[in-house]
Structure formats: structure tokens, C-alpha cells
Amino acid sequence: PTPRLRPAPCPRRDPHCMAPAGPLRDAGVRVLGHLDPAHVDRGHGETVSDAQRCLDWYQVDGFLLDRCPTERACLPGVRRSVASLRALRDDAHVVLGHGCHPYPGYAESADQLVTFRGPWSDYRWSQVAEWTADYPPEHFCHFVHGVPRPHLDEALRIARWQGASTIYFTDRTDRGGRCDPWETMPGYWDDIVSRIGTGVSE
């Protein structure tokens, strides 16, 4: 499992994040700091400062760079950000949260890419980019909300067929963009674990 912590842009550590971070890490769970450079146009320096706070406050194992661009022209800037993150912690696990398939060059810049994030209504008809076949399934993540319980097996088949071994499926929805479907656990979490095992991750 890979829980994410969101300290940015926050001026002080959050006790609600501190409490679970230690026990999760002690249990062998990778904990990531959530970074969002697109939030109110936070620049490179502010993003690195946010990452440093993640390390200082929560001793995170890596970072999720959310809302990451997908265009070829933006790749040098993202590489610079990843290099800066790994300068803070050389073994940092870095995930690029594109939400769709980016330009293929991004695959060499991080440990994992989020190549789908969205509703079940889009996921069930989604297509995989051909270049992803050059990488192992562990390189790709899918985050899907609004998945009905009866369609869990179908969703898992799609993830396997598209070559993504890190998944987060939930029956929660974004209610038309009014809420974050990832904030609470799926109502059928036990069903997911029973199908996949305890290695299920976000």
C-alpha cells in the first residue's frame, strides 16, 4: 500500500497525518508525500520546499507529483523536479500523477506513472498506449472511482490487460467534481483485498 500525505501548502505539520505515518512505515508500507505544483501555480522552488517538509515532518519514502503535465515540451521541467526530489532523498520512490498516458519519455523519469485517473464510465472503454508494453506492469498505476461492486472483476481484468499492477478502485464518486473520491476508503475494501491480497495499493 502507498498512502499519501498532503502537507502542502500547509505551514505546520498535521497530527492526523503524523499519527498513521510511523505505524504504516513500521509495517513495511511505503508512504508518499503529495506534491501539487499546479496548485495556485506553485513554482519549482516551492514544490521542493514542500517536499522537504514532507521529509522533515513525516519521513516519507517518496513523492507523488500530482497533476503532472503530459506534453513532450514539459518533460525537461519534470525531469528537473524529479532530480531535485531525489537530491533530497536519493532512494525516493517518485510517482508522476498524469492521470492519462503521457509522452513516452516520462516513463524513464520516475518509478511509476499514473496513466489513468477518472470514473468507471470512462475506464471501462479506455485504451492502453502501445509504448507501455515496453515496461513492466509495476510501472503503471490506475485510479478509478465510481466502480460498482458487481464490476470489480471486470475492472481488474482491464487493469491486467492494460498492464497496470498498482490500482485503486473505489465505489466513491466525485459527485460531479464537488468532492474527492479518494479521501475515504471504498465501501467494498474487504472484497478488493480478498481478490488481490494484502499487497493491494493506491
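This dialogue walks through how to read several features of the predicted model shown above.

Visitor: What should I know about this model before I read any value from it?

Guide: The model is predicted, and local features need pLDDT of at least 70, side-chain atom pairs count only at pLDDT 80 or more, and totals for chains, interfaces and linings use all residues. Residues are numbered from 1 along each chain as its sequence is written, and side-chain values use heavy atoms, with hydrogens and water left out.

Visitor: How many helices and strands does the protein chain have, and in what order do the elements run?

Guide: Helices (H or I, at least four residues) and strands (E, at least two) are DSSP runs, numbered from the N terminus. In the protein chain they come to 6 helices and 7 strands, and from the N terminus on the order is β-α-β-α-β-α-β-β-α-β-α-β-α.

Visitor: What span should I expect for helix α2, and what does the model give?

Guide: The expected span of a helix is 1.5 Å times one less than its number of residues. The 15 residues of α2 should therefore span 21 Å, and its end C-alpha atoms are 21 Å apart, which agrees. After α2 comes Q59, with a positive phi near 50°. Helix α1 (residues 15-26) has 12 residues and reaches 18 Å from its first C-alpha to its last, close to the 16 Å expected, and just after α1, G28 takes a positive phi of about 85°.

Visitor: How do the axes of α2 and α3 cross, and which residues make the contact?

Guide: Axes are lines fitted to C-alpha atoms, for helices over the stretch in contact, and angles run from 0 to 180 degrees between N-to-C directions; under 35 degrees counts as roughly parallel, over 145 as roughly antiparallel, 65 to 115 as roughly perpendicular and the rest as oblique. The axes of α2 (residues 44-58) and α3 (residues 75-88) come within 10 Å and cross at roughly 30°, so the two helices are roughly parallel to each other. With contact meaning heavy atoms within 4.5 Å, H44, V48, A51, Q52 and L55 of α2 meet R80, S81, S84, L85 and L88 of α3.

Visitor: How do α5 and α6 cross, and which residues meet there?

Guide: The axes of α5 (residues 152-162) and α6 (residues 189-196) come within 11 Å and cross at roughly 50°, which makes α5 oblique to α6. In this pair L152, D153 and L156 of α5 meet D191, I192, R195 and I196 of α6.

Visitor: What share of the protein chain is buried?

Guide: Buried residues make up 45% of the 202 residues in the protein chain.

Key
Buried means under 20% relative accessible area, exposed over 50%, partly exposed in between (1.4 Å probe, protein chains only).
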